[in-house]
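Biologist: Could you walk me through reading a few features of a protein model? I'm new to this.

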Amino acid sequence: MGYRIAVNARFLLKHKMEGFGWYTFENLKRIVTQHPEHEFFFFFDRQYDPKFVFADNVTPVVVHPQARHPELYKIWFNYSVTRAIKKYKCDAFISPDGYLSLRTKVPQLIVMHDLNFEHNPQDLPKSALNYYKKYFPIFAQRAKRIVTVSEFSKQDIIQQYHIAPHKIDVGHNGASPVFKPISEEDKEIVKQKFSKGKNYILFVGALSPRKNLGRLIAAFDALHQEGHNDLELVIVGEDLFKSMETKIEASTKVHIHFTGHLSQTDLAQVVAGAHIFAFVPYFEGFGIPLLEAMQSGVPCLAANATSLPEVGGDAVLYCDPYDVISIKEGLIRLKEDKTLRSTLKEKGPQRALNFSWDKSAEVLWSAFLKMMD
């Protein structure tokens, strides 16, 4: 018997795909094409791009209002989504960003990526923090099943919200096959485009406080003060340069390049062209950029914190994310230790083989079937 499945698709955004968006895209694209016997109703909160209608068994539905603020979340999930579930006679609701409807009776499967706000409340605006603190424990209890993206996050959800372990499935994230090593010639072209022709350290991520960019920039500044000025720093993410400018030493500023948001093709090039990939957040549910860099054969420096050692294994070098000197010393080692560099270049792509969107989608679908049982 085919199910009628409602899906929260509000992070499938044409020009601004980030973590939740890519998770939704990669998993749902696989699930809907592999299961043509079921009908899927994708609920968008704005006009959608037709490329997100992955197959004939997907019906796109625009559900108002646009849900990008705590008060609007309540209206969208509790009223608009509930009405749409009823209207389209859906049997279940899948929500890839951790939110659910508190007013529908159908079973709900949610994906909770991480609980950073429980550990670092200072990172969020007050209104968002209050909403998460109040509702995420309720969502965790109310969901029929939960999927999360790392063993670290599973244990965190169990401890924070007293959820039975058997209710939570772990499906690690994957990385697109566009992330792969490139030739030395191509690296030169990338360097001309992004770093004035010089070797560069790369950071990729949403520029939120937990990404720890302030300490990475301070470590890069210290590197330059000690005479290691043959490296530039390239930062890919929404452009926060204005708000960070005051914190950056004038002498270092000319060596830092903010690219803003990049297309996936450009992103794959800039990752593969990096001399060092530096990813030092103090809290991460998984860390897709680290996986993309490992898959691209780039030597990586990662924070020895939360889920990152689970992803990197022995294929990356670790540092203390709270210690600027530890970050700086890691960067120097990756710059100068040729043996370490070639070991990590070899181990990264091997380690990356443990993770794939195919496996991720299998876990999500199997969790759905367990829920419907």
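Predicted model: local features only at pLDDT ≥ 70, side-chain atom pairs only at ≥ 80, totals over all residues.

Biologist: What span does helix 13 reach from its first C-alpha to its last?

Modeller: Helices are DSSP runs of H or I with at least four residues, strands are runs of E with at least two, and both are numbered from the N terminus. The expected span is 1.5 Å times one less than the number of residues. Helix 13 (residues 324-336) has 13 residues and reaches 18 Å, close to the 18 Å expected.

Biologist: Which residues of helix 13 are buried?

Modeller: Buried means under 20% relative accessible area, exposed over 50%, and partly exposed in between (1.4 Å probe, protein chains only). The buried ones are Ser326, Ile327, Lys328, Gly330, Leu331, Ile332, Leu334 and Lys335.

Biologist: And what about backbone angles?

Modeller: Most residues other than glycine have a negative phi, and most peptide bonds are trans. Here, Lys196 has a positive phi of about 55° although it is not a glycine. Lys196 sits in the loop between helix 6 (184-194) and strand 8 (199-204), and counts as exposed because its relative accessible area is 53%.

Biologist: Where is Pro65?

Modeller: Pro65 is in the loop between strand 3 (58-62) and helix 2. The peptide bond from His64 to Pro65 is cis, with omega near 0°.

Key
Residues numbered from 1 in each chain as written. Heavy atoms only, no water.
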